[in-house]
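I opened the model today to look up a few residues. These are my entries, in the order I made them.

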Amino acid sequence: MPTLTKADLAKFLDEQIGLTNREAKEIVELFFQYISEALIKGKQVKISGFGNFTLHDKKERPGRNPRTGEEVPVSARRVVTFHVGQKLKVRVEKFAGKEGGKHVERDE
């Protein structure tokens, strides 16, 4: 399955809006920089029709070294989680199909 990259987003902006490649790359970088800075400041990021990025504090917990089986502590940390918005969820489910939890290709 191909991966969508920042370069792909910039190319899309270039093709759809007619920006130069440099301008499109700058807009994509600024967009992600703005989201990152908001999260760093502890803000929740909500993109209507897409989803929410939130911060979640995880407590320290016991872990295990998979090679040796030795118990090691996993330190407390803050992680970013993404919760898909309802509109995006419906569009993805419609495209992917919902038969028994399996991915089903459909011709439309």
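I set the exposure terms first: buried means under 20% relative accessible area, exposed means over 50%, and partly exposed lies in between (1.4 Å probe, protein chains only). This is a predicted model, where local features need pLDDT of at least 70, side-chain atom pairs count only at pLDDT 80 or more, and totals for chains, interfaces and linings use all residues. Residues are numbered from 1 along each chain as its sequence is written, and side-chain values use heavy atoms, without hydrogens and water.

**Phe50.** I found Phe50 in the loop between β1 (45-47) and β2 (51-58). Strands are DSSP runs (E, at least two residues), numbered from the N terminus. Phe50 has a relative accessible area of 36%, so I list Phe50 as partly exposed.

**Ile47.** I placed Ile47 in strand β1. Its relative accessibility is 27%, so Ile47 also goes down as partly exposed. Leaving out residues up to four places away in sequence, I noted that Ile47 touches Phe31, Ile35, Asn52 and Phe53; contact means heavy atoms within 4.5 Å. I also checked Val84, 37 residues from Ile47 along the chain: their C-alpha atoms are separated by 9.7 Å.

**Thr54.** I located Thr54 in strand β2. Is Thr54 buried or exposed? Thr54 is buried, because its relative accessible area is 16%. Beyond its neighbours within four places in sequence, I logged contacts of Thr54 with Gln44, Val79, Val80, Thr81 and His83.

Conventions:
Helix = DSSP H or I, 4+ residues; strand = E, 2+ residues; numbered from the N terminus.
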